[in-house]
Amino acid sequence: MEKWFEISIPSLIAVIISSIAIYIAVILFTRLFGKRSFSKMSSFDFAMTVAIGSIIATTILSKSVSLVEGVIGLLAVYVLQLSAALLRRWKLFQKLIDNQPLLLMDGQQILDKNLQKARVTEGDLRSKLREANVLDLNEVRAVVFETTGDIVVLHTTNAQKQVNQWLLKDVNRDAT
């Protein structure tokens, strides 16, 4: 327990230099590979973020991992993320990596099975409707549970206006 609070000057300098270098590497790789690396995340993006955090922590604090090894590991994770982003262009790979958007409301009709599948309560749904400034359920055209976990409300005060079906092309309508 006494060693918890001990640190040598060389170790302190190594941690500071590693922290600065890995921080610069994260910024550089994020700029090179795009903002998506830390935006609203799919499950793959979340795994990438956790991996980056682990590599950063291990590189900075572990004596068994060199700075060069940490930067190479970080680069490998970014290359994996870029590869997955490119492979997502094919439907099969996209289905393996990403969740499919799920319809929670079709017009005024609440789709209870889909709410259960998404683990969204009616209270959560009402909250999102209020957040979207929906004043009456007849304004709702569709509510979609997106791949990122966001709930999107498509609504209008114009009773004649319908949702363009292109917007709902990849949305799962049936929870079965």
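**Close-up A. Lys-128 sits partly exposed, at 25% relative accessibility.** Its partner here is Glu-131, and the two side chains meet in a salt bridge at 3.2 Å, N to O. A salt bridge means a side-chain nitrogen of Lys or Arg within 4 Å of a carboxyl oxygen of Asp or Glu. Glu-131 is the exposed end of the pair, with 58% relative accessibility. The accessibility words work like this: buried is under 20% relative accessible area, exposed is over 50%, and partly exposed falls in between (1.4 Å probe, protein chains only). Lys-128 and Glu-131 are 3 residues apart in helix α6, so about one helical turn separates them.

This is a predicted model, so local features are kept only at pLDDT of at least 70 and side-chain atom pairs at pLDDT 80 or more, while totals for chains, interfaces and linings use all residues. Numbering runs from 1 along each chain as its sequence is written, and side-chain values use heavy atoms, with hydrogens and water left out.

Close-up B. Helices here are DSSP runs of H or I with at least four residues, strands are runs of E with at least two, and both are numbered from the N terminus.

**Close-up C. Arg-173 reaches Asp-106 in a salt bridge.** The closest N and O atoms are 4.0 Å apart. Arg-173 lies in the segment after β4 (151-155) and Asp-106 in strand β1 (residues 102-106), so the pair ties together parts that are 67 residues apart in sequence. Neither end is fully out in the open: Arg-173 is partly exposed at 37%, and Asp-106 is partly exposed at 38%. The salt-bridge count for the protein is 3.

**Close-up D. Four strands make an open antiparallel sheet in the order β2-β1-β3-β4.** The edges are β2 and β4, each pairing on one side only. Strands count as paired if DSSP finds at least two bridges between them. β1 and β3 (residues 140-145) pair over 4 bridges; Leu-103 has Val-144 as its bridge partner, and Asp-106 stands opposite Ala-142. On the β2 side (residues 109-110), β1 pairs over 2 bridges, with Met-105 opposite Ile-110. β1 and β2 form a hairpin with 2 residues between them, and Gly-107 in the turn has a positive phi of about 65°. β1 is largely enclosed by the rest of the structure, because 4 of its 5 residues are buried.

**Close-up E. Leu-104, Leu-129 and Val-143 touch the most other members of the largest nonpolar core.** That core has 14 residues. A nonpolar core is a set of buried Ala, Val, Leu, Ile, Met, Phe, Trp, Tyr and Cys residues joined through side-chain atoms within 4.5 Å. β1, α5 (112-118), α6, β3 and β4 each give two or more residues to this core, and β1 gives the most, with 3. A second, separate core of 11 residues includes Ile-22, Phe-29, Val-77 and Tyr-78. Back at Leu-104, its contacts (heavy atoms within 4.5 Å) include Ile-110, Leu-115, Val-143, Phe-145 and Ile-151, leaving aside residues up to four places away in sequence.

**Close-up F. A nonpolar surface patch of about 810 Å² includes Tyr-23.** Tyr-23 is in helix α1 (residues 9-33) and is exposed, at 57%. Patch residues have over 30% relative accessible area and no salt bridge; nonpolar side chains (Val, Leu, Ile, Met, Phe, Trp, Tyr) are joined within 5 Å, like charges within 9 Å. Areas come from the Shrake-Rupley method with a 1.4 Å probe, and for residues only the protein chains shown count as cover.

**Zooming back out, the protein has 6 helices and 4 strands.** Along the sequence they run α-α-α-α-β-β-α-α-β-β. Of the 176 residues, 30% are buried. The protein exposes about 12100 Å², and carbon and sulfur atoms supply 62% of that.
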